[in-house]
Amino acid sequence: MAEKIKAITVTKQFDINSPKEMTALSAVLKSHIVGQKLYTNIKGRNYAHVEGWQFAGGMLGLFPVMKAIEDISKGAEIRWKAEVEIVNIKTNAVVGRGFAICSSKEGNKKSFDEYAICSMAQTRAIGKAYRNMLGWVMKLAGYEATPSEEMTKVGEVHSAPK
């Protein structure tokens, strides 16, 4: 177990302040996202899943921390709001933030259990927090600068590539 932890700590961390390193990271992202099928094609454009955004952040030493989750339901509508902070693992500094809501009134969420709606709010907040910082890096990698979880519209169903 100790060897595995040691191997993880020596993994290359890219420097977000270096355009050359961000270009190199974009190639790593493209390879990983394609290899793991962590994207969805929507109307001819590729959108990375939140796991792809988390991979990008992890390569920069940036990790999501759930700051708050709040039930903002009204009447029969189930609504959850999530807030996520992106933390630099080396400095412990908060370097980004994202907010998101998920509701049972969304077309494809009408039959979802409450826990799933709460979970999607968290997933979207994570994606948004990374998107605010790293959207340009995803564009370098050939993906749209919006996480796929934000792109589902009422009545549309999207799936990962086969």
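The legends below describe close-up views of a predicted model.

**Figure 1. Overview of the chain and its secondary structure.** The chain contains four helices and five strands. Followed along the sequence, these elements occur in the pattern α-α-β-β-α-β-β-β-α. The chain has 162 residues, of which 39% count as buried. Among the contacts with a separation of 6 or more, 57% are between residues 24 or more positions apart.

**Figure 2. The packing of helix H2 against helix H3.** Helix H2 comprises residues 19–35 and helix H3 comprises residues 50–59. The two helices pack at an angle of about 145 degrees, and their axes are 10 Å apart. The crossing of H2 past H3 is right-handed. On the H2 side, the contact is formed by Leu 25, Val 28, Leu 29, His 32 and Ile 33. On the H3 side, Gly 52, Phe 55, Ala 56 and Met 59 take part. Sorted by class, this contact has seven nonpolar residues, two polar residues and no charged residues.

Figure 3. Which residues of H2 are buried? They are Met 22, Leu 25, Ser 26, Leu 29 and Ile 33. Because these residues cover an arc of only 110 degrees around the axis, they lie on the same side of H2. Lys 20, Ser 31 and Gly 35, on the other side of H2, are exposed. The cover over the buried residues of H2 includes strand E1 (39–42), strand E2 (45–48), H3 and helix H4 (114–140).

**Figure 4. Met 22 and its surroundings.** Met 22 belongs to helix H2. Its relative accessible area is 0%, and as buried means under 20%, Met 22 counts as buried. Leaving aside residues up to four places away in sequence, Met 22 touches Phe 14, Asp 15, Ile 16, Leu 60, Trp 136, Val 137 and Leu 140. One of these residues, Leu 60, is 38 residues from Met 22 in sequence. In space, the C-alpha atoms of Met 22 and Leu 60 are 9.6 Å apart.

**Figure 5. Helix H3 and the elements around it.** In H3, the buried residues are Val 50, Gly 52, Trp 53, Ala 56, Gly 57 and Met 59. These buried residues pack against H2, E2, strand E3 (62–71) and H4. After H3 comes Gly 61, which has a positive phi near 75 degrees.

Figure 6. Most residues other than glycine have a negative phi. Lys 37 has a positive phi, near 55 degrees, and is a residue other than glycine. Is Lys 37 buried, partly exposed or exposed? With a relative accessibility of 41%, Lys 37 counts as partly exposed. Lys 43, likewise not a glycine, has a positive phi of about 50 degrees. Lys 43 is placed in the loop between E1 and E2. With a relative accessibility of 67%, Lys 43 counts as exposed, because exposed means over 50%.

**Figure 7. Trp 80 in strand E4.** Trp 80 is part of strand E4, which covers residues 79–88. A relative accessible area of 14% makes Trp 80 a buried residue. Trp 80 and Glu 70 are 10 residues apart along the chain, and their C-alpha atoms are separated by 5.7 Å.

**Figure 8. Ser 103 in strand E5.** Ser 103 lies in strand E5, which covers residues 94–103. Ser 103 is buried, as its relative accessible area is 7%. Apart from residues up to four places away in sequence, Ser 103 touches Glu 77, Ile 78, Arg 79, Lys 109 and Ile 117. Ser 103 and Ser 73 are 30 residues apart in sequence, while the distance from C-alpha to C-alpha is 8.2 Å.

How values were computed. Residues numbered from 1 in each chain as written. Predicted model: local features only at pLDDT ≥ 70, side-chain atom pairs only at ≥ 80, totals over all residues. Heavy atoms only, no water. Axes fitted to C-alpha atoms, helices over the stretch in contact; angles between N-to-C directions. Left-handed = near helix turned anticlockwise from the far one by under 90°. Contact = heavy atoms within 4.5 Å. Nonpolar A, V, L, I, M, F, W, Y, C, P; charged D, E, K, R; others polar. Buried < 20%, exposed > 50% of the residue type's maximum accessible area, 1.4 Å probe, protein only. Arc of directions from axis to C-beta.
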